[in-house]
Amino acid sequence: MFTGRGRYAAILFLLPAAAVYGLFILYPLVRGVLLSFTDNSGGPTSNFVGLRQYQSLLHDPTTMGALWHTVIYAVVVLIAQTGLGLLAASVLARRERIRRTASSILLLPALISPVMASFIWSYLYRPDGGINTLLGNLGLGSLQQIWLGNPSIALYAVAAVNIWMFVGYSCIIFLAGYAGIPRELFEAADLDGAGRWKRFTRIEWPMLAPALTVNVTLSLIGSLGVFDFPLVLTNGGPVNSTNTLALLIYQDIFNDSDFGMGAATAVLLLLLVVVVSTGASILLRRRERAL
Amino acid sequence: MRLIRSLALLSAVAAVTSGVAACGSSSSGNSSGQVTLTVESWKGGGSEPANVAEVDAAFEKAYPNIKLSFSYVPPNDVYQEKLQSQLLAGDAADVIMVDPQHVQSWGKSGYLADLSSQPWAGQISAPLKPFVSYQGKLLASPMELSPVGLYVNMSVLAKAGITTAPTDFPSFLTDLGKLKTAGLPGYSFPDSQGYMAEFVMLMSAATTVYKQTPDWDQQFMQGKVSFTNSFQTPLEQIQQLGGYVNFADAVGTDETTTGEPDFIAGKSAFYAGGSWLAEAIEKANFKLAFIPWPGGGTGTQPSALMFPGTMWAMNAATSHSAAAEDYINFWSQSENLAPFLSSEAAISPFRSSGTAGDPLLSTMVAAYSADRFALFPTNSWDLAQPETTIRSVLQGFLLGKTSVSATLQAIQSAAAPSGS
């Protein structure tokens, strides 16, 4: 594309950004990976231990449990948050008068800090808290649960807080997608007598493909790295049922001063995020082109 | 991006590890002999003023040639993150606040100066010495012993016709039974974060394990004793509480945000916690007692559990070691330490000193004076990673997923020193 002096000028212009990126992103990343091959405990000295940290990780049931919980959490958040966001957007897209107000209300939880949101929900989730009281008042006492104390449902209860916070974001992204669909397509569908479901499957769903890609990618990256919600709501319990990889990194570094193990767990999480989000992005982009 | 930033943080630490030259601690002196001594602490600001400013003002008055530059750093993760980086960079304060775990980890890294020759060293309560030492070197001056025990709402007990707080386990169960029968609030056992069951196990062990074997921790680290043989009673006591506590609810209830406020609001008669909660709990509108866990048999006196709390240490890289030693020495003297202990509702860690005058602590002080106490094993087997596992294992026990013996076996595996 560039030849002669133009090429040198392009390189010259790229250099500052490349230097900043290299210094603050690539170099620390490489050092982080190198740290994972040591037994560093935060002190000035450390020993090279090769792959020992990774071998320990792979044989540690707590880490493997956290990996599994992280994946389950991401899948639940991805499906529920994207689904609810799409549902809300499809309703609001055709109701211009309430769209702005309703979407603002949906976005409100995202303005609260995750820590504060977790505190609020810890009150709602307590055995005699708001949710169980509401269920009791509605005559649904059989659905009352020890939401954060039952290892079988605690992870889903934590995920629900994540979904509550960020479903507004998903909705807004889908609404932007709806705004990009030409009105003529809907008018043509009306003339052809297409019903609501057919309009959705034949026009909206295909045309929302770019919004879906953005939603899925953002949701995956956010939920695979989840940390705040399980930390405040359950601290990884009960019985490790809400432990996630990001929480383990925190525990390794701040509780155990095991920087080497923390770095190894962080590399594992990085690989997970890169593989899953890149894979999902490639598949969804391919789908976009096919449509 | 968050992950990359996390790795960036870790690597920044590693980069410093790999050889950034230490530039000495940040204090300064001048030709007139005036020294500015820097101090970093997680007490003395925020929600924990702890009368640190008062003690420091008295120090500056007593040592006019030393000016203090005090920095409050929020506790826990923030303190750890900031101090860890500063110590690596050789830029930490001359005097820093530490806890027993810091003594071990920062002692291992060589960040803390040896204070073995200081005049107060011989006054430290003997059982506390392992908590302020690393490999035979005395690296910190203790500031307090914080009792961990059972807060009792005596007003609720009175409604059930109970006039004194329980002193042994049978009477404790009897009291719980009377409260239950009378339809009164009973024992609040919130364990969502996992530390309540750990507290109760250790509080019970103070009487049922450590009373007989005061050096149990050392013996355990040497492989001479085990949880499976020694800790049945503490777990059986927790199990017996199941008749009065809904453990499924307990595991779903947060200790700090729910358990403590509920107790203050009079919704429970018993709540376990440390003396650091006393200031908040004493504001409650009922008659209050704070007692050691009544873990012994009928008619016996219980032993108290004490938490070796905050300590002062001297940065090994300080260029003002004499001033730093003066500061730490000043804090070790009973009359100077008293305002801090009073604020903390804690007991002096020095044998020669008086103990706290708070009437709420009288039962704890009596136990301490009679040598009926054990220390929270934060420097041996109950360190960070084992502690996290132990808390999780105990949650499983509360939920009925494991038996006493299986739970003890799991704790044994988590706590045993590597290689044993």
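**A helix pair and a chain interface**

Modeller: In this predicted model, helix 3 (residues 61-93) of chain A packs against helix 10 (residues 209-224) of chain A at an angle of about 145°, their axes lying 9 Å apart; axes are lines fitted to C-alpha atoms over the stretch in contact, and angles run from 0 to 180 degrees between N-to-C directions. Local features need pLDDT of at least 70 and side-chain atom pairs count only at pLDDT 80 or more, whereas totals for chains, interfaces and linings use all residues. Side-chain values use heavy atoms, without hydrogens and water.

Colleague: Which residues of helix 3 of chain A meet helix 10 of chain A?

Modeller: Contact means heavy atoms within 4.5 Å, and the residues in helix 3 of chain A include A:Tyr73 and A:Val77, which face a set in helix 10 of chain A that includes A:Leu212 and A:Val216. By class, this contact has eight nonpolar, five polar and no charged residues.

Colleague: Why is the pair A:Arg126 and B:Asp262 called a salt bridge?

Modeller: The term requires a side-chain nitrogen of Lys or Arg within 4 Å of a carboxyl oxygen of Asp or Glu; the N to O distance here is 2.8 Å, so the pair A:Arg126 and B:Asp262 qualifies. Across the interface of chain B and chain A, the rule finds one salt bridge.

Colleague: What is the area that chain B and chain A bury between them?

Modeller: Buried area is the accessible area (1.4 Å probe) that two parts lose on being put together, summed over both, and for chain B and chain A that comes to about 3600 Å², with 59% of it on carbon and sulfur atoms. The contact takes 40 residues from chain B and 48 residues from chain A.

Conventions:
Residues are numbered from 1 along each chain as its sequence is written. Chains are lettered from A and ligands numbered from 1 in the order in which they are written. Helices (H or I, at least four residues) and strands (E, at least two) are DSSP runs, numbered from the N terminus. Ala, Val, Leu, Ile, Met, Phe, Trp, Tyr, Cys and Pro count as nonpolar, Asp, Glu, Lys and Arg as charged, and the others, Gly among them, as polar.
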